[in-house]
Amino acid sequence: MSAEPRAVGAAVMGRESPSKLSVRGIAKRYGAADALLPMDLDVWPGEFLTVLGPSGSGKTTLLQLVAGLIEPSAGSLFIDGEDRTHTPVHQRGIGVVFQNYALFPHLTVRENVLFPLQMRRVPAPELKRRAAEALGMVGLGALEDRFPRELSGGQQQRVALARCLVYQPALILMDEPLGALDRKLREAMQMEIKRLHRETGATIIFVTHDQEEALALSDRILLMNHGRIEQIGTPQHIYEHPASLFAADFIGLSNVIQGRIGAGGVLETPDGALPLPPEAPRLSSGATAALVVRPEHVSLRPATPECAALRGRIVESVYAGSEFRLLVTLGSGTTIVARRSPGQAPLAIGDEVVLDWDAAQGRLLPA
Amino acid sequence: MAGPASAVPARRRWNALWLALPGALFLLLLLVLPSLQLLSVSLTDSETGEFSLAAYERAFGARVYARIIGNTFAIAAQTTGLCLLLGYPLAYWLAGLPARRQRAATLLVLLPFWTSALVKNFAWLVLLGRTGIVAGAFQALGLGQPPDLLFNRPVVLFAMVHSLLPLAVVSMLPVMTGIDRGLLQAAGTLGAPRAAAFWRIHLPLSMPGVASAGLLVFIASLGYFITPALLGSPQETMMGQAIITQVQQMDNLVFAAALSALLIGAALLSCLLYDRVFGLSSVSGGAAAPRAAGSPLRRAGLGLAASLATLFGGLSEGLARLLGGHRFGWLLPAYAWAIVAVLVLPLLAMVPMAFTSASFLSFPPPGFGLRWFAEYFASPVWMSATLRSFGIGLATAVVTTALAALAAFGLARGAGRLSRPVFLMFMTPMIVPSIVVAVALFQLFARVGLVATDAGIMLGHTVHAMPIAFVILLATLKTHDWRLDQAAATLGADRRRTLLRVTLPLMRGGLVGALIFAFLSSFEELTVALFIGGGLRTTLPKQMWDDVILQVSPVLVAASVVVVVLVTALFLLAEFLRPARRGRAA
């Protein structure tokens, strides 16, 4: 484990170093069904990449291919520049943290952590030192003689992490490792994983279906759907510039207003003409398109009779602690979500409101 | 609910464990007490009835008996070792199959499991005999006289392993199926080659199953008498045979009791040993509690697994390198199918031999004929034996299922310190060799006039069938979702209607399974029938036994085929009615 934490962001975005993992045209078919369509992917050293997608999107297949647990139907895979496409799983030197932790029930915590070192024939004194170090890193030094079943879910998770970190794998894969934990513990473990990532400088590929988790942890997010890459980029980029309606819908909450491109740079909708964002892609007049606006960009004010802007009626108000979420139904029946801080003048269910947003905050996507 | 009790507002909670009482009393009266009595009989003088160790002195003193005792333990130990060694890869292979194929392949192991030892051993007697398949093959190939295959130690071991291998496999299978194969994948990602992952992870985790298989096979082989009697020479005489001779020919109950006591002692000792290492409750497939991290036994086991991993890992790597990366992936399925074939083939091979036109047994049969079936169905002796077996089987099935269902219900719903003893009580018939049960019941029934009665045989069979019915029902009830009963109650159903409309329909598969398997175990039971039936109340297995001792006739093969067909049909019916794990397709 390198002593100094790496400047992850710069290394990732600069792309000067050769990639840690390089995937070229890799695909997996089961009979006639495509689990994963041919895909290219580069993961940079020290990067935290989250693979995000709904169940059945191919994210676990990708992870199993990288780990060597299944054979690809096509394509190849390079780790540190070396072709590892057909290397058996036990020779890949990849760390995997499984969804259910896969701790060996007949071995104690320490024996679990020692296991990968014994497989590598690490000499005895170093074996002890490294196991103690890894257990110390996850704060479990005191529990090393317990059996896994005697630990809580969070503790088992830490053992799984220690067992993975102890042999300093070139690449760590995590398959929904926090899925079985309750919300509070999950958030604590997210912080823990972030810290371990920073301290060890390890390259981590983290599979999840939880978009909040992906936003909180990642250097980059790989968004998958139907066995292919939907979009890849930093969390902020994907959130602010979703490449597709799927991306807009899957990450964060989005309002989608369908319509046709009209003359003079507007979107003709049943509720009126809406201005297009300035940097919108050029779509020919008459093409169907969708305008995506995040709830936090929608502002509401009480309607006055003479106002010609987009109007609607509040149908539901949900208190969420730091904010109200208001559901507004437009004349056409489309529902828009808006956020409103409790400090603002209260609006009640049934109130007529005018909706407004900065045109530059909207995203125009072909529909 | 009538009576003053229902008027009291704070009704005392009634512990459902009481439901186990009838079955527990039944087993106490017909198994535990008679066995203890047998023990006390063994300590008396057969003439005067006073305390004496003469029987034991004779057992260990006389060369002939010392040799029989030695034989018994040697053969039982060898059988157990071979069953575990041969059965482990088969169980491993079965456990790794996808659910649907696993079920289909397991049927092929369970079918010989449910076919009686008598039929299986008789099949070998016929197939390996002078007119059997092997001899036929030698003649057809012009190899002259076939080697003498029968009446020696290897064939006794072979047939005993053939008989008991299914028991070993079905005992190991639940534990192996319960092992998360993801753990082996995890071991792979941590750097363990497949051999190391198997020896260091799979083997230790499967040990509870191996141990319970070993326990059950060892105890079953201790009391074996069919195989050595049919296929062995006098050199292979085992204690079971000696007990039968003492009771039936010498009329020396005291000496038989002493030999039985030795068998009980050995069985109990194995159970104690097992309990020390794994805990008895894991016989039922429950997970064993891990031992203290520092226990020397655990250290030694892990160390052994690690050295085996190194040894076989090195071997397989070396072999793979020599053979250019060939991993023998085909070897395990090929081995498994070969074993399954050997398990099933003798049962199938009997069918063509029964439909022979010849007046004696031969393979291949010279032509098709139904004469032996005609003789079987026309014979009043065979028919009365068959009908008696049916009658006793049905009565046994009903009584056993009723007692076992009450107990299983009590154990699933009740609680308390008595749960464990009650569970063990209902499993006891499995860990007492059946020959001991038979002798114990014989000396009890002789005093109450139940010898040579159908009721006596039925009571003995109920003892014999109790564990299997109990285990099936307990498993059904343990997976039952009791919230459904609560849901029925909130929807307005009273207790009786909840039971009739919700609980019992959901348990149907288990109840039918218990009935069928209790029937089968009675229908094929020989030992109890041999002692309690006397010469007068002959069941079908007893009739077959008498016949096979006298001469191997084609009628016997026809009767065996009838038994095999019936067992197969009932077994498939039970399998078909068994509730599917992931819900039945609508």
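Modeller: Begin with burial. A residue is buried if 20 or more other C-beta atoms lie within 10 Å of its own, exposed if 12 or fewer, and partly exposed in between, with C-beta atoms placed from the backbone. A nonpolar core is a set of buried Ala, Val, Leu, Ile, Met, Phe, Trp, Tyr and Cys residues joined through C-beta atoms within 7 Å. Here the largest nonpolar core has 167 residues. Ala408(B), Val439(B) and Ala469(B) have the most contacts inside it. Helices (H or I, at least four residues) and strands (E, at least two) are DSSP runs, numbered from the N terminus. Helix 12 (residues 253–278) of chain B gives the most to this core, with 15 residues. Another core, of 104 residues, lies apart from it; Ala67(A), Val113(A), Ala202(A) and Ala186(B) are among its members.

Biologist: What should I know about the model itself?

Modeller: This is a predicted model, where local features need pLDDT of at least 70, side-chain atom pairs count only at pLDDT 80 or more, and totals for chains, interfaces and linings use all residues. Residues are numbered from 1 along each chain as its sequence is written, while chains are lettered from A and ligands numbered from 1 in the order in which they are written.

Biologist: Which residues does Val439(B) touch?

Modeller: Contact has a cut-off: the C-beta atoms of two residues, placed from the backbone, lie within 7 Å. Leaving out residues up to four places away in sequence, Val439(B) touches Leu38(B), Ile243(B), Val247(B), Ala256(B), Ala257(B), Ser260(B) and Phe531(B).

Biologist: Now chain A. How many helices and strands does chain A have?

Modeller: Chain A has 9 helices and 20 strands. Its C-alpha trace spans about 85 × 45 × 40 Å along the principal axes. Of its 367 residues, 40% are buried. Take the contacts in chain A between residues at least 6 apart in sequence: 67% of them join residues at least 24 apart.

Biologist: How many residues of chain A are in contact with chain B?

Modeller: 20 residues of chain A are in contact with 16 residues of chain B. On the chain A side, strand 6 (94–97) and helix 3 (109–119) are the elements that give two or more residues. Helix 3 of chain A gives the most, with 3 residues. For residue classes, Ala, Val, Leu, Ile, Met, Phe, Trp, Tyr, Cys and Pro count as nonpolar, Asp, Glu, Lys and Arg as charged, and the others, Gly among them, as polar. The chain A side divides into 13 nonpolar, 4 polar and 3 charged.

Biologist: How do I read a sheet?

Modeller: Start with pairing: two strands pair if DSSP finds at least two bridges between them. In chain A, 6 strands form an open sheet in the order 6-7-8-3-9-10, with mixed pairing. Strand 6 and strand 10 of chain A are the edge strands, each pairing on one side only. Strand 7 (residues 171–175) and strand 8 (residues 203–208) of chain A pair in the parallel sense over 5 bridges. There, Leu173(A) stands opposite Ile205(A).

Biologist: Which strands make up the sheet with antiparallel pairing?

Modeller: That open sheet of 5 strands in chain A runs in the order 15-19-16-17-18. Strand 15 (299–302) and strand 18 (335–340) of chain A each have a single partner strand, so one side of each is left without a neighbour in the sheet. Strand 15 and strand 19 (residues 352–356) of chain A pair over 4 bridges in the antiparallel sense. Leu300(A) has Leu355(A) as its bridge partner.

Biologist: How do side chains sit along a strand?

Modeller: In a regular strand they alternate between the two faces of the sheet. Look at strand 12 (residues 266–269) of chain A. Strand 11 (residues 255–262) of chain A pairs with strand 12 in the antiparallel sense over 3 bridges. Glu268(A) is the bridge partner of Arg260(A), and Glu268(A) also stands opposite Ala273(A) in strand 13 of chain A.

Biologist: Where does His226(A) lie?

Modeller: His226(A) is in the loop between strand 9 (220–225) and strand 10 (228–233) of chain A. Its phi is positive, about 50°, although His226(A) is not a glycine. His226(A) counts as partly exposed because it has 13 C-beta neighbours inside 10 Å.
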